[in-house]
Amino acid sequence: MVDIQISNEVFVETTGKKLKYFSNDGRHVRIGRSEGIKVREAFNEMRKRIGNAQYISYLMYLVTFLNNNNELYNLSNSKVKGPMSREDIVERLKGEFDISDRTIRRFLSDIKNANVLIPNNEDNSKYTIYYMNPAFYNAAPEYGINIKLFLLFPNDIVKMIDAYKFIHCSKVITDAFNGKDQTKYLRCINEVNENISKVVNGEEFVINKTPKKITWTKAVEAFKKDGISKVLGLPLNTLFNCIFHLDKAESAMVLKRSNTELYYCRNKDCVSTEKMLGNDIINLIAMLKGWENDPEWFKLSVEYLCTVYNYELEETVNDKFSKLSAA
Ligand SMILES: [Zn+2]
């Protein structure tokens, strides 16, 4: 049986703001109210993908057997308890609809190929559990998604929740499921902007052909000056849809102040906005990379930007002092 407990209280801290992405027991990723539209869109897309009215009615019937984790379970008043086996499913469907074994066989195979209902052999267990894609139906309380489903249906879940939140949750979940490859989830994210998705996916890219030697201070100055427009490709003095959440209202804007490009979002729940102070490119890189909790976030962002700008940091007087004293 699956028994994952991430932690009692999982918070994701973003520029001083604490956001709770997980349920209290750490088993479900919460779906925010702003994500409601995305959930509906994912459902509609999934219905089109299934494209068979009969299949939809079989699935809607099976939905009544889902537990909080989107697993098909025999109801508590049935003779057999525990997860529904393939035989249980066949028997139930035959009891409810007048259909042949052959139709059921085809249904189960088509629906598995469409990634709607898939059998999964649990570790250390003789059981096979059938999981339903939360984009079709989500049985979790408080409108959450069972974290196990991130491993089974990442392509559909990414369409249901904000990209930024998806990245954070995937990282936490990847740690909980040792050995799983988190790049699988990151690849699911289809950002509007190509470079933003490169930053998020850890793809290397350079914006300057010629390498340049530069001091740390000059480098930081240069990044702040034009990093948001140059690296992320976001426009200045123009309203656009915020890159950190589902935003159809064009809530975000980049302004230049005291020779620094700053990212603002007027959505008061936005992770990018703390007291409307704005974030520079160094903050944004740390957020997109998920480095905000790392004490070294500033250094990591600057080093990352050095690669992008093709800058080589010159040795400082301090560096020379430390080298000599270490020798
Ligand atoms: Zn925003």
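**The whole chain.** Bear in mind that you're looking at a predicted model. Color by secondary structure first: the protein chain carries 13 helices and 10 strands. Of its 327 residues, 33% count as buried. If you draw contacts with a separation of 6 or more, 55% of them link residues 24 or more positions apart.

**A helix pair.** Now select residues 216-231, which is helix H10, and residues 281-289, which is helix H11. How do they pack? Their axes sit 8 Å apart at an angle of about 50 degrees. To see the contact itself, show side chains for Phe223, Lys224, Gly227, Ile228 and Val231 on H10, then Ile281, Ile282 and Leu284 on H11. Sorted by class, that contact has 6 nonpolar residues, 1 polar and 1 charged.

**Zoom in on Ile281.** Leaving aside residues up to four places away in sequence, Ile281 touches Phe223, Lys224, Gly227, Ile228 and Val231, plus Glu261 and Leu305.

**The core.** Ile281 also leads you to the next stop: it is among the residues with the most contacts inside the largest nonpolar core, along with Ile157, Leu284 and Ile285. That core has 70 residues. Which element gives the most to it? That's H11, with 7 residues. Now color domain 1 (11-186) and domain 2 (201-326) separately: both give residues to this core, so it lies between them.

**Two asparagines.** Go to Asn70, in the loop between helix H2 (53-63) and helix H3 (86-96). Its phi is near 65 degrees, a positive value in a residue other than glycine. Is Asn70 buried or exposed? The cut-off for buried is 20 or more neighbours, and Asn70 has 25 C-beta neighbours inside 10 Å, so it counts as buried.

Then jump to Asn310, in the loop between helix H12 (297-309) and strand S10 (311-313). Asn310 isn't a glycine either, yet has a positive phi of about 65 degrees. Count around Asn310 and you'll find 14 C-beta neighbours inside 10 Å, so this one counts as partly exposed.

Conventions:
Residues are numbered from 1 along each chain as its sequence is written. This is a predicted model: local features need pLDDT of at least 70, side-chain atom pairs count only at pLDDT 80 or more; totals for chains, interfaces and linings use all residues. Axes are lines fitted to C-alpha atoms, for helices over the stretch in contact, and angles run from 0 to 180 degrees between N-to-C directions. Helices (H or I, at least four residues) and strands (E, at least two) are DSSP runs, numbered from the N terminus. Two residues are in contact if their C-beta atoms, placed from the backbone, lie within 7 Å. Ala, Val, Leu, Ile, Met, Phe, Trp, Tyr, Cys and Pro count as nonpolar, Asp, Glu, Lys and Arg as charged, and the others, Gly among them, as polar. A nonpolar core is a set of buried Ala, Val, Leu, Ile, Met, Phe, Trp, Tyr and Cys residues joined through C-beta atoms within 7 Å. A residue is buried if 20 or more other C-beta atoms lie within 10 Å of its own, exposed if 12 or fewer, and partly exposed in between; C-beta atoms are placed from the backbone. Domain bounds come from an automatic or database domain assignment.
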